[in-house]
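Open your viewer and keep the selection tool at hand.

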Amino acid sequence: GAVIANEFMDPVYHRSGLTLASPDAGKLEGSVMAVCREALLALDLRSHTASHPRVGVVDHVCCNPLGSATCDEAAALARGIGGRLGTGDPSMPSIPKVPVYFYGAVREDRRPLA
C-alpha cells in the first residue's frame, strides 16, 4: 500500500504521528484507514495521561500533495478518508465513527485550521 516516510514519537506529550506516502491514492487511503483502525481499536483515552491536550485517538489526518500531485487530488483524498472516518466504514465495521473537521483545500471557502 504505502510506505512510512516519517515517524514522530513524543514520549513527553504521549503522542505519535506517522507520515505515509504512496503514488496510488487508493492504496494510500486504505493504508491511512488501516492505521486509524488499529489506533482506534488499541487505544483508550479514558486512561490516557499526558500534558498535551487531545481531541481523540485520531485527531489529525493531513493530506499534502507531493511530486506531481495537485491540491485538488489531496483534497479528494482527505474527503474520502474523512468520509469513511466520519460516517463509519462498512468495510471496517469495528471502527467507531469519529468527528471530522475539514479545513484548507477540502472546504469550498478554504478556511484554514487556525
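The tour starts with how to read the model.

This is a predicted model: local features need pLDDT of at least 70, side-chain atom pairs count only at pLDDT 80 or more, and totals for chains, interfaces and linings use all residues. Residues are numbered from 1 along each chain as its sequence is written, and side-chain values use heavy atoms, with hydrogens and water left out.

Select residues 71-87, helix α2. Helices are DSSP runs (H or I, at least four residues), numbered from the N terminus. At 1.5 Å a residue, the 17 residues of α2 should span 24 Å, and its end C-alpha atoms are 24 Å apart, which agrees. The expected span is 1.5 Å times one less than the number of residues.

Now colour A74, A75, L77, A78, I81, G82 and L85. These α2 residues are buried, meaning under 20% relative accessible area; exposed is over 50%, partly exposed in between (1.4 Å probe, protein chains only). Seen down the axis, the buried residues of α2 fall within an arc of 160°, so they line one face of the helix. That arc is taken over the directions from the helix axis to the C-beta atoms.

Turn to the face away from the buried side: D72 and T87 are exposed there. Step on to G88, which follows α2 and has a positive phi, near 90°.

What do the buried residues of α2 pack against? They pack against α1.

Pick E29, in α1. At 18% relative accessibility, E29 counts as buried. Leaving out residues up to four places away in sequence, E29 touches L77, G80, I81 and R84 (contact: heavy atoms within 4.5 Å).

Last, select V35, also in α1 (residues 25-42). V35 counts as partly exposed, at 35% relative accessibility.

Notes
Helix = DSSP H or I, 4+ residues; strand = E, 2+ residues; numbered from the N terminus.
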